[in-house]
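Hi,

Here is the structure I promised to pass on.

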Amino acid sequence: HSLTIAAECALLLTGDFGYLELLRSQIKLLIENGKTREDGQLLIAVRHGPDGWGHLLWNPVTGTEQPVRMNELAHLYHASMSQEDRDLIKMVRDVDPDRDWDLVDNEGADAYNGKLEYSRFQFYEGQNPGWPEETLRAELGGALETYDEMVRDDRDAETIVEENRVAQNPVRTKALTHVALGAPQSVYHGGLSRATVRYFDADRARPGLPEDAAALVDELGPDSVGIQLVNVSRTETRRLVVQAGAFGEHRFTQVKYRAGDNQGSVPVDGKHFAVELPPSTSIRVEAGLRRFVNDPSYAFPWHEDRIPVPFQ
């Protein structure tokens, strides 16, 4: 996790993709020193000691062996969008017969392994078209199940704090990050938000999608992003701003759009573009993208790159 965060932050601040080699080389080293079972399953190296490379996770005696996990690979590929890293993931997929990469695996905690990243990768490879609905349905189901358990819990607050090793939490954001932002979930231990695109409610002057609006990043490339935007309100127009990157670190070059029978292209040379969605309408945009060319900022689109300080 520390390598992933370091590489991502260095790239974010400098625009230098060479920093990703820190993470890439470590992943390749562990793969190269892995071992392959008779059925073709690759098991990654997880430690190195006096006896050389080890493959048992946690406990060298009673631990378990594991395939290459997707968490680090997903972050590496999201940062680089390079053919090299795409091919690396496909190689891992080809030596992973134990796993169904199309399956949306929402069972149990997923802070480390990135279980939901397998099916997300397949979607953008054109092999898992039902992924957006499946992953959102699974995440909603998990949130409702946790919420119901909390409602039925008749312990007092002090007992819950004393007995629960990990607090129950019905707030789930991973699938929304995947589907709407076109990115992996931020690294569990202190990673920054990742996003190919980010949204702002133009009418309420606040971050996030407007009420009744939905977004799906349906295509990702090294110099482009495809987005479907929908307004399900039957009476209200919704206006939103689309930003290139979580911190405006990318730059749009042009926007091609298709809404019903209307289509066209608009030149853009900046980190934002605005979309107006009349009632009950949808639009698909394909935006050209130059990645990691702007200094990152927490400023919102209407701050003109200045971060307001409410208290002096």
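**What I found**

The protein chain has 8 helices and 13 strands (DSSP runs numbered from the N terminus: H or I of at least four residues for helices, E of at least two for strands). Its radius of gyration is 21 Å against 20 Å from the globule rule for 312 residues, so the chain is as compact as a globular protein of that length; the radius is taken over C-alpha atoms, and the rule is 2.2 Å times the number of residues to the power 0.38.

Before you go further: this is a predicted model, where local features need pLDDT of at least 70 and side-chain atom pairs count only at pLDDT 80 or more, while totals for chains, interfaces and linings use all residues. Residues are numbered from 1 along each chain as its sequence is written, and side-chain values use heavy atoms, leaving out hydrogens and water.

On overall dimensions, the C-alpha trace spans about 65 × 55 × 50 Å along its principal axes. Of the 312 residues, 42% are buried (under 20% relative accessible area, 1.4 Å probe, protein chains only). Taking contacts (heavy atoms within 4.5 Å) between residues at least 6 apart in sequence, 62% join residues at least 24 apart.

Is Lys271 buried or exposed? With a relative accessible area of 14%, Lys271 is buried. Beyond its neighbours within four places in sequence, its contacts include Val242, His250, Phe252, Asp295 and Asp305.

Cheers

Terms used: Buried means under 20% relative accessible area, exposed over 50%, partly exposed in between (1.4 Å probe, protein chains only).
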